[in-house]
Amino acid sequence: MRIILLGPPGAGKGTQARILTEKYGIPQIAAGDLFRENIKNKTALGQQVEEILKAGTLVPDAITIKMISERLDQPDCKNGFILDGFPRNVAQAEALEEMLKKKGIKLDAAVQMTVDDDDLVERISGRFTCGDCGEGYHDKFKPPHDPDTCDKCGAKDHFTRRPDDNEETVRTRLDTYHKQTKPILPFYEERGLLKTVDGMAPLKNVTAEILALFPSKKTPNQGIQAKKNG
Ligand code: AP5
């Protein structure tokens, strides 16, 4: 399965990408995560983009496109991938189309997650992540069972919050989405690839809606279950 998850900041792209990654055994390729990893590791790329992420505007296309193209060449992308946060403008969508054509790869869909702007600020301001395994949580919508411990990896007191998750930057990120990212929706509609799910629904329902878009794509677990039953 090769899909793009599209939507404004806080729409749930990362949350759903992590769930799909586990279900299908294919990697999540999140442009924002790749940038943050470079910032954390103080690489040259990290130093180049740190202030841009803090401001909530877009990293220049040349840098972003090169980073994603190199990531898609990694062997773990051979059987599929979930692109989260890329492409983010028409130039990136065109570059992706060209790059996939060269690699001989076809997209299955671009899945748009719709959410109300007002709810996004609440979602983003309550968000935190396990600094060890990257599992995402939310103060209200997805708290960990034990407030200090990651449900997934058991790390204690390692939760972190993103520096760009403050109200001012979130508003800039939303503005960037409306002005630069939304215009790519017609790009995928024209190619018959655009699908839409209700990102306002409860987490599990959103996952179910996305899975229902790909009935022929069996998850590895479904395959094992079918063998057992058959
Ligand atoms: P990026 O890291 O991609 O941030 P973003 O697009 O702003 O998206 P978020 O990660 O904030 O939101 P999400 O949709 O993943 O939501 P989540 O699942 O966490 O980009 C950061 C920066 O990097 C950009 O500003 C830019 O500078 C740069 N950048 C990135 N890509 C670029 C590109 N292509 N070109 C140039 N620059 C680029 O969910 C949010 C919260 O809500 C969570 O706490 C979650 O638990 C909760 N939640 C999720 N779903 C639900 C639900 N259904 N119900 C209730 N709560 C829910």
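**Ligand shell**

I asked which element gives the largest share of the shell around the ligand, and found H2, with four residues. Helices here are DSSP runs (H or I) of at least four residues and strands are runs (E) of at least two, numbered from the N terminus. The model is predicted: local features need pLDDT of at least 70, side-chain atom pairs count only at pLDDT 80 or more, and totals for chains, interfaces and linings use all residues. Residues are numbered from 1 along each chain as its sequence is written, and side-chain values use heavy atoms, with hydrogens and water left out.

I then listed the elements that each supply at least two residues of the shell: helix H1 (13-24), helix H2 (31-40), strand E6 (136-138) and helix H9 (203-212). In total, 34 residues surround the ligand. The closest are Thr-15, Thr-57, Arg-88, Arg-127 and Arg-173.

I sorted the shell by class and got 15 nonpolar, 11 polar and eight charged residues. Ala, Val, Leu, Ile, Met, Phe, Trp, Tyr, Cys and Pro count as nonpolar, Asp, Glu, Lys and Arg as charged, and the others, Gly among them, as polar.

**Polar contacts**

I looked up N or O pairs within 3.5 Å. A backbone N or O atom of Gly-10 is 2.8 Å from a ligand oxygen atom. Arg-36 places a polar side-chain atom 2.8 Å from an oxygen atom of the ligand. At Ala-201, a polar backbone atom lies 2.8 Å from a ligand nitrogen atom. Taken alone, the ligand exposes 1,000 Å², and the protein buries 95% of that. The areas are Shrake-Rupley values with a 1.4 Å probe.

**Strand E1**

I checked what E1 (residues 2-6) pairs with; a pair needs at least two DSSP bridges. E1 runs parallel to strand E3 (residues 81-84) over four bridges, and Ile-3 stands opposite Ile-82 there. E1 also pairs in the parallel sense with strand E4 (residues 109-114), over four bridges. In that pair, Leu-6 faces Gln-112. Four of the five E1 residues are buried, meaning under 20% relative accessible area with a 1.4 Å probe, protein chains only.

**Glu-135**

Is Glu-135 buried or exposed? Glu-135 is buried, at 16% relative accessible area. Glu-135 sits in the loop between strand E5 (127-130) and E6. Beyond its neighbours within four places in sequence, Glu-135 contacts Arg-18, Phe-128, Thr-129, Cys-130, Lys-142, Cys-150 and Lys-152, with contact set at heavy atoms within 4.5 Å.

Methods. Buried means under 20% relative accessible area, exposed over 50%, partly exposed in between (1.4 Å probe, protein chains only). A residue is near a molecule or strand if one of its heavy atoms lies within 4 Å of it. A polar contact is a pair of N or O atoms within 3.5 Å; within protein, one must be able to donate a hydrogen and the other to accept it, and residues adjacent in sequence count only if both atoms are side-chain atoms.
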